[in-house]
Amino acid sequence: GQVRNMATLKDITIRLKSIKNIQKITKSMKMVAAAKYARAERSLKPARVYGTGALALYEKADIKAPEDKNKHIIIGVSSDRGLCGAIHSSVAKAMKYEIGNLTSAGKEVMVVSIGDKLRGLLHRTHGNHMLLNFKEVGRKPPTFGDASIIATELLNSGYEFDQGSIVFNRFRSVISYKTSEKPLYSIDTIASSENMGIYDDIDADVLRNYQEFALVNIIYFSMKESTTSEQSARMTAMDSASKNASEMIDKLTLTFNRTRQAVITKELIEIISGAAAL
């Protein structure tokens, strides 16, 4: 019995040590996420101006793609980093739902994934819909340059989409975000919109330049929103992981002390009974 208890004590000690080490990691990850979140939130306000400005034209001009247009694009925004709750899976879920709806309606759909985690979630089930995938996202804060590279690659991919959407996590507060979807339109769809006639002197070149600029703006805005949501979610996830580790440490410490006391008591009883037998 004593040997078994000693073995149990050793097991508990090893387990306690490993949980304490994990707690150190989760605490430091929370601190890093908090610093990154503060930086991301500061730069989110100016970035929102880009997105809302670009989307305002679509709303004001009341642009709608004709029903007979069949080519759709869906851009999903996540990152390469995990341990941040349901950030990536919520975007993937919204995209899968959208792909299912469009394909059942007989539309052609292609997907662009920004972030390797999203590619991993979509590749197995919707690999045939993948058009482009961008890695190295989330290590550094997204810049306007990153967004313009993504937009250029998309426009040069040879896939002539008519309309589409961009799916990302819109930041609401430190503890909440909402998976949102914003529309995207091709140059032809915008040009053929009847309400675009209100704007004078818009020739094809101006419209093309504006459309490319608007696409970059919307991608940049959604990447900024997504990064801020991700850092806040990681902060929350690491905070609850640290709390769970504390609870486990308390429970194991209690078990360790009880087991140790039981071993001491058993040894004392053996000594006393041995002395009594003499």
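Helix H6 gives the most to the lining of the largest pocket, with 4 residues. Helices here are DSSP runs of H or I with at least four residues, numbered from the N terminus. The model is predicted, with local features needing pLDDT of at least 70 and side-chain atom pairs counting only at pLDDT 80 or more, while totals for chains, interfaces and linings use all residues. Residues are numbered from 1 along each chain as its sequence is written, and side-chain values use heavy atoms, with hydrogens and water left out.

The largest pocket has a volume of about 290 Å³. A pocket is an open set of points, on a 1 Å grid over the protein atoms alone, where a 1.4 Å probe fits, with protein on both sides within 12 Å along at least five of seven lines; lining residues have an atom within 4 Å of a point. Grid points are joined across faces, edges and corners, and the volume is the space filled by probe spheres set on the points. Of the 19 lining residues, Lys135, Glu136, Val137, Asp146 and Met223 are the closest to the centre of this pocket. H4 and H6 each supply at least two residues of the lining. By class, that lining has 8 nonpolar, 5 polar and 6 charged residues. Nonpolar covers Ala, Val, Leu, Ile, Met, Phe, Trp, Tyr, Cys and Pro; charged covers Asp, Glu, Lys and Arg; the others, Gly among them, are polar.

I turn to the second largest pocket, with a volume of about 250 Å³. Its lining consists of 13 residues, and Leu155, Glu160, Ser186, Ile187 and Arg208 lie nearest its centre. H4, H5 (187-191) and H6 each supply at least two of the lining residues, and the largest share, 3 residues, comes from H6. The classes here are 5 nonpolar, 3 polar and 5 charged residues.

How do H4 and H6 pack, and at what angle? H4 (residues 144-155) and H6 (residues 204-277) pack at about 125°, with their axes 8 Å apart. Therefore H4 is oblique to H6, a term for angles that are not under 35 degrees (roughly parallel), over 145 (roughly antiparallel) or 65 to 115 (roughly perpendicular). Axes are lines fitted to C-alpha atoms, for helices over the stretch in contact, and angles run from 0 to 180 degrees between N-to-C directions. Among the residues of H4 that meet H6 are Phe144, Asp146 and Leu155, and the H6 residues in this contact (heavy atoms within 4.5 Å) include Phe213, Tyr220 and Met223. By class, the contact of H4 with H6 has 12 nonpolar, 2 polar and 2 charged residues.
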